[in-house]
Amino acid sequence: MEWVEVLKEENIVSFLLLFFRFAALFLAVPIFSHRNIPMTIKAALAFFFTIVFYPSMPELALQINLVSVLVAILSEFLLGLVVGIILLLAYNVITFAGGQISFMMGFSMASAIDPQTGVSMPIISQFLSLMGLMVLLALDLHHWVLMFVDASIVSIPLGGFLMTEDLFNYIIHATSRMFMVGFMIAFPIIALSWLADIIFGMLMKTMPQFNLLVIGFPIKIMVAFGVLIATFTATMLIVKTEMLEAFNVLEMFF
């Protein structure tokens, strides 16, 4: 009789919707969405955590038919997508800053595949992105995501998530903030590169034999690396602050 109760239609739909909630988050949230993690592992993790969290599920408040279940599945994927976008916008400030720094250092053509997103990006962006990933692990981001799911099970009914105007406005604000904070991180190197360009221009006027390609660019690269090392701790603190603020924003879901 116990197996009959477990295999009731309501229980099966609840299990599937909770599985899709975990799957959507693992596809969109930083760390879990890492391209080097195989899809089979992500699916297995989603299935495992669904089994772990299922006993704390409230009763399903959903009329069970084909249309309502499909809409509920889309709602769960939308929830994971929105949470992932909010966290990625906070995390991508460092990759945007790395792109600006690479351009000023002359490394814009030196690109590599970012293991987090699977796209090609400048090498400085990739380095800062990997360091930022270490910050996320130090902050226990992966544990916070599980705690968010645990809280959302009660606060957000399965299949009941709707995109609100406040969330949409915040995503627009976070997008503009990503560019602003990224430029702020890269500004010390950009400012010194501009200053070095002015000095090199003055030297080339007074000493025409001055070879900018042979002498100027290596000096700019050394100066940029020096500033990058000097500001590295502050940069990681900014990333930490942005991620903490993004997680505080997730309270809007409740």
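**Salt bridges and a cavity in a predicted model**

Modeller: In this predicted model, a network of salt bridges links R177, E242 and E245.

Colleague: What makes the contact between E242 and R177 a salt bridge?

Modeller: The closest N and O atoms of E242 and R177 are 2.7 Å apart, and the cut-off is 4 Å between a side-chain nitrogen of Lys or Arg and a carboxyl oxygen of Asp or Glu, so the pair qualifies. Because E242 lies in helix α10 (residues 232–249) and R177 in helix α8, the contact ties together parts that are 65 residues apart in sequence.

Colleague: Why is E242 called buried, and why is R177 called partly exposed?

Modeller: E242 has a relative accessible area of 7%, and buried means under 20%, so the word applies to E242. R177, with a relative accessible area of 23%, falls between that limit and the 50% above which a residue would be exposed, and is therefore partly exposed.

Colleague: How do you know that R177 and E245 also meet in a salt bridge?

Modeller: Their side chains come to 3.7 Å, N to O, which is within the 4 Å cut-off, so this pair counts too. R177 in helix α8 and E245 in helix α10 are 68 residues apart, and E245, at 31% relative accessibility, counts as partly exposed.

Colleague: Which residues line the largest cavity?

Modeller: The lining consists of I189, L192, S193, A196, K220, V223 and A224, with α8 (165–206) and α9 (212–230) each giving two or more residues. The largest share, four residues, comes from α8, and the volume of this cavity is about 30 Å³.

Technical notes
Residues numbered from 1 in each chain as written. Predicted model: local features only at pLDDT ≥ 70, side-chain atom pairs only at ≥ 80, totals over all residues. Heavy atoms only, no water. 1 Å grid on protein atoms, 1.4 Å probe; cavity = no way out; pocket = protein on both sides within 12 Å on 5 of 7 lines; lining within 4 Å. Points joined across faces, edges and corners; volume = space filled by probe spheres on them. Buried < 20%, exposed > 50% of the residue type's maximum accessible area, 1.4 Å probe, protein only.
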